[in-house]
Amino acid sequence: MNFDDLLQDAKELCDLRPDGWTCDPLRDVVKLAEETGEVAECMVKSRKTKEDLGEELSDVMVVIGVIALRAGINLNDVCPKKQEKRVQKIVKRFHGGVYPVEAGCTHQKI
Ligand SMILES: [Mg+2]
């Protein structure tokens with residue numbers, strides 16, 4: 001699954017619900033908090049399984065897809081650029097600006 005699939009899943013959910021699922025951006029954020037809380041619950045309650053955690057993480061992802069869809073954000077464009085910024089920040093902070101070869105990452109253009 002890639003971000004295109006995620007956005008398609010989000011669109012499908014919005015299209016299937018007559019109310020547009022959460023109806024507005026603020027409720028999308030509330031839904032994201034709800035699903036994030038369910039992830040936390042899976043991580044602290046022993047009766048929750050790895051499968052439960054996976055399902056809740058999937059819920060978080062689809063809500064992110066809905067938010068991106070409504071905002072017209074292409075996650076395929078945004079995520080690689082943001083990853084590059086995160087890598088640069090960490091390399092600068094923890095490795096003196098020199099990318100450690102053993103990290104084996106593709107973001108070696110610092
Ligand atoms: Mg859930």
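Q8 is found in helix α1, where helices (H or I, at least four residues) and strands (E, at least two) are DSSP runs numbered from the N terminus. The model is predicted, so local features need pLDDT of at least 70 and side-chain atom pairs count only at pLDDT 80 or more, while totals for chains, interfaces and linings use all residues. Residues are numbered from 1 along each chain as its sequence is written.

With 14 other C-beta atoms within 10 Å, Q8 is partly exposed; on this scale a residue with 20 or more other C-beta atoms within 10 Å of its own is buried, one with 12 or fewer is exposed, and those in between are partly exposed, with C-beta atoms placed from the backbone. Although Q8 and G65 are 57 residues apart in sequence, their C-alpha atoms are 8.4 Å apart in space.

The protein chain holds four helices and zero strands, in the pattern α-α-α-α along the sequence. Of its 110 residues, 9% count as buried. Among contacts between residues at least 6 apart in sequence, 57% join residues at least 24 apart, a contact being a pair of residues whose C-beta atoms, placed from the backbone, lie within 7 Å.

Leaving aside residues up to four places away in sequence, L7 touches G65, A68 and L69.

The axes of α1 and α3 are 8 Å apart, and the two pack at an angle of about 80 degrees; axes are lines fitted to C-alpha atoms, for helices over the stretch in contact, and angles run from 0 to 180 degrees between N-to-C directions. That makes α1 roughly perpendicular to α3, since angles of 65 to 115 degrees count as roughly perpendicular, under 35 as roughly parallel, over 145 as roughly antiparallel and the rest as oblique. On the α1 side the contact is made by L6, L7, D9, A10, K11, L13 and C14, and on the α3 side by M61, V62, G65, V66, A68 and L69. By class, this contact of α1 with α3 has ten nonpolar, one polar and two charged residues; Ala, Val, Leu, Ile, Met, Phe, Trp, Tyr, Cys and Pro count as nonpolar, Asp, Glu, Lys and Arg as charged, and the others, Gly among them, as polar.

Helix α1 also meets α4. The axes of α1 and helix α4 (residues 75–95) come within 9 Å and cross at roughly 135 degrees, and α1 and α4 are therefore oblique to each other. Here F3, D4 and L6 in α1 meet L75, N76 and C79 in α4, and the residues of this contact divide into four nonpolar, one polar and one charged.

Helix α4 itself has 21 residues and reaches 28 Å from its first C-alpha to its last, close to the 30 Å expected at 1.5 Å a residue, the expected span being 1.5 Å times one less than the number of residues. The count of buried residues in α4 is zero, and the helix is hardly covered. Just after α4, G96 takes a positive phi of about 60 degrees.

Back in helix α3 lies D52, which counts as partly exposed with 16 C-beta neighbours inside 10 Å. The C-alpha atoms of D52 and E41 are separated by 9.8 Å, the two residues being eleven residues apart along the chain.

Terms used
Contact = placed C-beta atoms within 7 Å.
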